[in-house]
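The sequence and structure are shown first, and the account follows.

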Amino acid sequence: MKFGNRAEPRQGAEKRAVMRVIKSPKYLSPRVVLAIPLAIAAGLVASPRGVGGPAPEAALAAIRARQESVKTLMVEYKQTEVVAKGAKSEGAAPLMKPTTIVPPEETTLESVDRLLIDGEKVRCEDNHPSWLMPQGILQEQKRVSVANGSGAKVFFPTGLGPGATPTGVIQREPRSLDVKAFTPAPLTTTFRGLDPMISAFPAADMKPSGVTLLIDGALCEEHVIDYSDVILSSWLDTTKDYVPRRLRLQRQGRLLEQADVTYRRHETCGWSPTSWVCNYYSGHATILRSTSVQVLDFRVNEPQPAEQFDIRFPPGTTVRDGRTLKTNELSPMGTCGKYLVPGRCYPGSYHSRAILGTGGTGG
Amino acid sequence: VRGSEGEPFLTRLRALYSAGGQVQKTAEWSLKAVIVPALRLNPPALRFGVRSDRQLEVPQIVRIEANDTIGAIDCQAPPGWTAEITSGQAESHPADFLAKVKRKPDGNFGLISGVIRFCPVDREGKRLPPKEAGLIGEIVRDVVANPREIHHGRRPCGMTANETVRLVSPSNRPFLVKSATSRSSDLQVTRVQEYDKGWLYTLQLRFTGLGEQEASAEFTVQDEDGEEFKLVVPARYYGLQGP
C-alpha cells in the first residue's frame with residue numbers, strides 16, 4: 001500500500017492535503033521522531049561523556065562558516081518510507097501495543113514536507129501519515145510545529161485521530177522537538193550544526209573518536225556524543241568541508257538508526273544534501289523501516305516572513321498548554337473558552353507520544 | 001512510603017463505625033511526616049555504556065550520603081564484580097561513604113544488567129532495608145570493530161556495496177590482526193593500507209538473497225599479552241528482487 005500526503009503551503013497545513021492509496025499493500029511507516037533528545041528528556045540516559053578532545057578546529061570552523069553563510073533556509077523534500085510487516089507493533093511501547101500485527105503487510109508511505117529556518121527560528125511542516133496506536137489505524141496526519149526563540153507551538157489541523165477536531169499544543173519549552181527528528185537531521189546538522197536547539201547532533205558537544213573510515217571512497221572522521229546507553233555518531237567528510245556523510249544512533253552497542261547522505265555543491269552554501277536514506281532497525285538487527293528522502297526545492301537566504309514562525313490557532317481548536325498544564329477550547333472568536341479538563345496535567349498526547357516513542361520506532 | 005526521599009508525607013485514615021446498630025459515625029486520624037532516607041546514592045545507577053575489560057580496570061564510584069543514624073553499610077555486588085565501601089570524608093569527598101565498584105579480572109563479557117545492594121546498618125547494629133543501584137552496560141574485548149555491525153538496509157539482488165571497518169583498541173593498546181576471512185563467498189574482506197598503518201578493512205558484499213540476509217567477516221586478533229580471540233563483524237541486508 002502506498003499512502004501519502006502533499007506538502008502544505010506556508011501558513012496553513014489545512015489546505016492541499018492529498019492522500020493517495022496506490023497499488024497493492026506493501027509497507028508501513030511511522031513518523032520519524034528522533035529518539036535521542038527524547039531519551040534524554042525521559043531521563044533514560046546520563047550526561048554525555050567525551051571520547052577524545054574537542055572537535056578539531058578545522059571541522060568546527062567549516063561547520064561555523066556554513067552555518068553563518070545560511071541565514072535562511074527553505075527545503076521541501078519528499079519522503080518515501082517502506083515499513084516492514086509488523087514493524088509498528090514490534091516497536092510499540094508496552095502501553096501502545098496493539099493486539100494485531102501492524103502493519104499486516106509491507107506498506108509504503110509518501111509525503112512531501114517542508115523545513116524552514118531563519119536564524120534560530122524554525123518551522124516544520126510534516127505531512128507524513130502516522131499510525132494511531134494501539135488501534136493500529138493508519139491515518140493521514142498533518143503537523144506544523146514552530147519555534148521562534150520565545151515560544152514553541154504545534155498544530156494538528158486535522159486533529160489527533162479520526163474525526164478529531166483541530167488540536168494545538170503550546171509547549172512548555174520554547175524549542176521544537178520536530179526539528180530534531182532524524183529525518184531532517186542531515187539538513188539541520190549540515191546548516192545548524194552548532195545550534196543545539198536545532199541540531200540533534202550538536203557539533204560543539206561531539207568529540208572525535210579517533211576513528212576514520214572510507215565512506216563511498218571519501219575519508220570520514222567519526223565524531224560522537226556518548227550518553228553511555230546511547231551513542232550518537234556523525235561521520236564528517238574531510239573532503240567536503242566536514243559535512244555529515246553518515247549519522248548513527250546506537251543503544252547498548254546496537255545500531256537503531258542510520259542515515260547516509262549524498263551532497264551536491266551549491267553556489268551559496270557549499271555542499272548541501274540532495275538525498276539521503278534513513279534505515280531504522282530493531283534491537284535484533286532486523287530492518288523495521290527505510291526512508292528515502294529527495295530534496296525537491298532548496299532555497300537559501302530568501303527573506304522569510306516572521307509570521308511563519310508563529311501559529312495562530314483557528315477558532316474551534318482544542319489547545320493544550322504545556323506551560324499551565326490546562327486544556328482549552330478556542331471559542332469562535334478565537335479566545336480561550338471553558339476548561340475541558342480544569343487543572344489536569346494534560347500537556348497533550350503530543351508529549352506522551354514523543355516520550356513513548358523512545359522505546360521503539362518513534363512516532 | 002518506601003522509596004520516598006525527603007518528601008513530605010501525609011496520610012489520612014477514616015473509620016466508619018456503628019455501635020449497637022445505631023447511626024453510623026466516623027473518626028479520622030492524620031499522620032504527617034517527612035521521609036528521610038537512610039541512604040542516598042549518586043548516581044542512582046551505574047550506566048557505563050560499552051566498555052572494554054581494560055577500560056573497566058578503573059573502579060566506578062557511587063557516592064553515598066547516609067543520615068546520622070547510620071553507622072555502617074554492607075554492600076553486595078553482582079557476580080563478577082566487587083564493591084568496596086570506604087569513608088568518603090576521609091578522601092575529601094562530600095559523601096559520607098564511597099562505593100568503589102570494580103569488575104573482577106575474570107568477569108564475563110557481554111551485556112551486564114545487575115544491581116548493587118547497599119544495606120545500611122544503624123549505630124546499634126540493626127540492619128535496615130537495603131537500597132539498590134543498577135549496574136548496566138556491556139563489556140567487550142579490548143579490540144573492537146568500528147562499526148561493530150554493517151547494515152546495508154534494503155538492497156536489490158545482483159548489486160554489490162563496499163563498507164569499511166576499522167579495528168581499534170578502546171584503551172589504545174597495541175594489538176595484531178593475524179587473519180581476516182569470510183565464510184561466505186558473497187563477502188570479500190580486504191585490508192586497506194593506503195591511509196595509515198591501522199587495521200582498516202574493506203568489506204565488499206554481493207547481494208544475492210531475498211529478505212533478511214547476513215554474512216560475517218571474522219578477524220583473529222592477538223592482544224599485547226599474546227592472547228588470541230575472534231572478532232566477528234556481521235554484514236546484513238534485506239534483499240529485494242533485482243531490477
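Are Glu125(A) and Arg114(A) buried or exposed? Both Glu125(A) and Arg114(A) are buried, a class that requires under 20% relative accessible area, with exposed meaning over 50% and partly exposed the range in between (1.4 Å probe, protein chains only).

The model is predicted: local features need pLDDT of at least 70, side-chain atom pairs count only at pLDDT 80 or more, and totals for chains, interfaces and linings use all residues. Residues are numbered from 1 along each chain as its sequence is written, chains are lettered from A and ligands numbered from 1 in the order in which they are written, and side-chain values use heavy atoms, with hydrogens and water left out.

**Chain A overall**

Chain A contains 5 helices and 20 strands; these are DSSP runs numbered from the N terminus, with helices (H or I) of at least four residues and strands (E) of at least two. Of the 363 residues in chain A, 59% are buried. Among contacts in chain A with a separation of 6 or more, 58% come from residues 24 or more positions apart, a contact being heavy atoms within 4.5 Å. The accessible surface of chain A is about 13900 Å², and carbon and sulfur atoms contribute 55% of that area; the areas come from the Shrake-Rupley method with a 1.4 Å probe, and for residues only the protein chains shown count as cover.

**Salt bridges**

Side chains of opposite charge can pair when their charged atoms come close. Over all chains the structure holds 33 salt bridges, each defined by a side-chain nitrogen of Lys or Arg within 4 Å of a carboxyl oxygen of Asp or Glu.

Because Asp226(A) lies in strand S12 (residues 218–226) of chain A and Arg51(B) in strand S4 (residues 45–52) of chain B, the pair joins two chains. Both Asp226(A) and Arg51(B) are buried. Glu302(A), by contrast, is partly exposed at 33% relative accessibility, and Arg299(A) is partly exposed at 32%. In chain B, salt bridges with shared partners join Arg54(B), Asp142(B), Arg173(B), Glu224(B) and Asp225(B) into one network.

**Aromatic rings**

The structure holds 9 aromatic pairs over all chains; rings of Phe, Tyr and Trp (its six-membered ring) pair if their centres lie within 6.5 Å, and planes under 30 degrees apart count as stacked, over 60 as edge-to-face and the rest as tilted. Phe207(B) and Tyr237(B) form an edge-to-face pair, 4.7 Å centre to centre with 65° between the planes. Phe207(B) lies in the loop between strand S16 (199–206) and strand S17 (211–223) of chain B, and Tyr237(B) in strand S18 (residues 228–240), so the pair ties together parts that are 30 residues apart in sequence. Phe207(B) and Tyr237(B) are both buried.

In chain A, ring pairs link Phe182(A), Phe201(A) and Tyr280(A) into a cluster. The charged end of Arg289(A) sits over the ring of Tyr280(A), 3.9 Å from its centre; this term requires NZ of Lys or CZ of Arg within 6 Å of the ring centre and within 35 degrees of the ring normal.
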